[in-house]
Amino acid sequence: MSEKERLVSFTLLGQNHAFYTGAPEEEMNRILALVRELVEGGTERTSGTIPVSKAAIMACLNIASRYIRLQQEYDEYRKENDARMADLIEKIGAALPAEK
């Protein structure tokens, strides 16, 4: 269950933003830290030569890339887990005495 909605205000690339969310404060802090790292970190390395819109798009692409990678890792994890469970079920079934 999410917390009661509250207003979250933050500054990103010199612009103020605010929105309401029911997400826990610690989760929002982690989200905002990641967004700042991806958006502002990229612009600091290039001395402010990248337009804000391009920095935002690059951050979105980076997040999407991480998401897809995590999805693939999770799918692989599920396949491996399913195979292990099937193997264990087979071994347990083989070890049980046969019903007569």
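Predicted model: local features only at pLDDT ≥ 70, side-chain atom pairs only at ≥ 80, totals over all residues.
1. Leaving aside its neighbours within four places in sequence, Lys4 is in contact with Thr21 and Gly22, where contact means heavy atoms within 4.5 Å. Lys4 is placed in the segment before β1 (6–12). Its relative accessibility is 76%, and therefore Lys4 counts as exposed; the term exposed stands for over 50% relative accessible area, buried for under 20%, and partly exposed for values in between (1.4 Å probe, protein chains only). The C-alpha atoms of Lys4 and Ala23 are 8.4 Å apart in space, with the two residues 19 apart in sequence.

2. Residues are numbered from 1 along each chain as its sequence is written, and side-chain values use heavy atoms, with hydrogens and water left out.

3. How many helices and strands does the protein have? There are 2 helices and 2 strands, and their order from the N terminus is β-β-α-α. Helices (H or I, at least four residues) and strands (E, at least two) are DSSP runs, numbered from the N terminus. Of the contacts in the protein with a separation of 6 or more, 30% join residues 24 or more positions apart.

4. The interior may be considered next. Of the 100 residues in the protein, 16% are buried. The largest nonpolar core has 10 residues, namely Val8, Phe10, Leu12, Ala23, Met28, Leu32, Leu38, Val39, Ala55 and Ala59. At least two residues of this core come from each of β1, α1 (25–45) and α2, and α1 gives the most, with 4 residues. A nonpolar core is here a set of buried Ala, Val, Leu, Ile, Met, Phe, Trp, Tyr and Cys residues joined through side-chain atoms within 4.5 Å. In soluble globular proteins, nonpolar side chains tend to be buried together.

5. Not counting residues up to four places away in sequence, Ala59 touches Leu38 and Val39.

6. Aromatic rings also form pairs. Rings of Phe, Tyr and Trp (its six-membered ring) pair if their centres lie within 6.5 Å; planes under 30 degrees apart count as stacked, over 60 as edge-to-face and the rest as tilted. By this rule the count is 2 aromatic pairs. Why is the pair of Phe10 and Phe19 edge-to-face? The ring centres of Phe10 and Phe19 are 6.0 Å apart and the planes stand at 80°, so the pair is classed as edge-to-face. Phe10 is buried, at 14% relative accessibility, whereas Phe19 is partly exposed, at 30%.

7. Although Leu13 is not a glycine, it has a positive phi of about 55°. Leu13 is found in the loop between β1 and β2 (15–21), and with a relative accessible area of 24% Leu13 is partly exposed.

8. Which residues form salt bridges? A search of the whole structure finds 2, a salt bridge being a side-chain nitrogen of Lys or Arg within 4 Å of a carboxyl oxygen of Asp or Glu. One joins Glu80 and Arg84, whose closest N and O atoms are 3.9 Å apart. Because Glu80 and Arg84 are 4 residues apart in helix α2, about one helical turn separates them. Glu80 is partly exposed at 36% relative accessible area, and Arg84 is partly exposed at 49%.

9. Another salt bridge is formed by the side chains of Asp87 and Lys91, at 3.3 Å from N to O. Asp87 and Lys91 are likewise separated by about one helical turn, because they are 4 residues apart in helix α2. Asp87 counts as partly exposed at 36% relative accessibility, while Lys91 is exposed, with a relative accessible area of 52%.

10. Ile57, Met58 and Leu61 make a nonpolar surface patch of about 310 Å². Patches are made of residues with over 30% relative accessible area and no salt bridge, like charges being joined within 9 Å and nonpolar side chains (Val, Leu, Ile, Met, Phe, Trp, Tyr) within 5 Å. Leu61 lies in helix α2 (residues 52–95) and is exposed, with a relative accessible area of 52%.

How values were computed. Areas by Shrake-Rupley, 256 points an atom, 1.4 Å probe, with all protein chains shown as cover.
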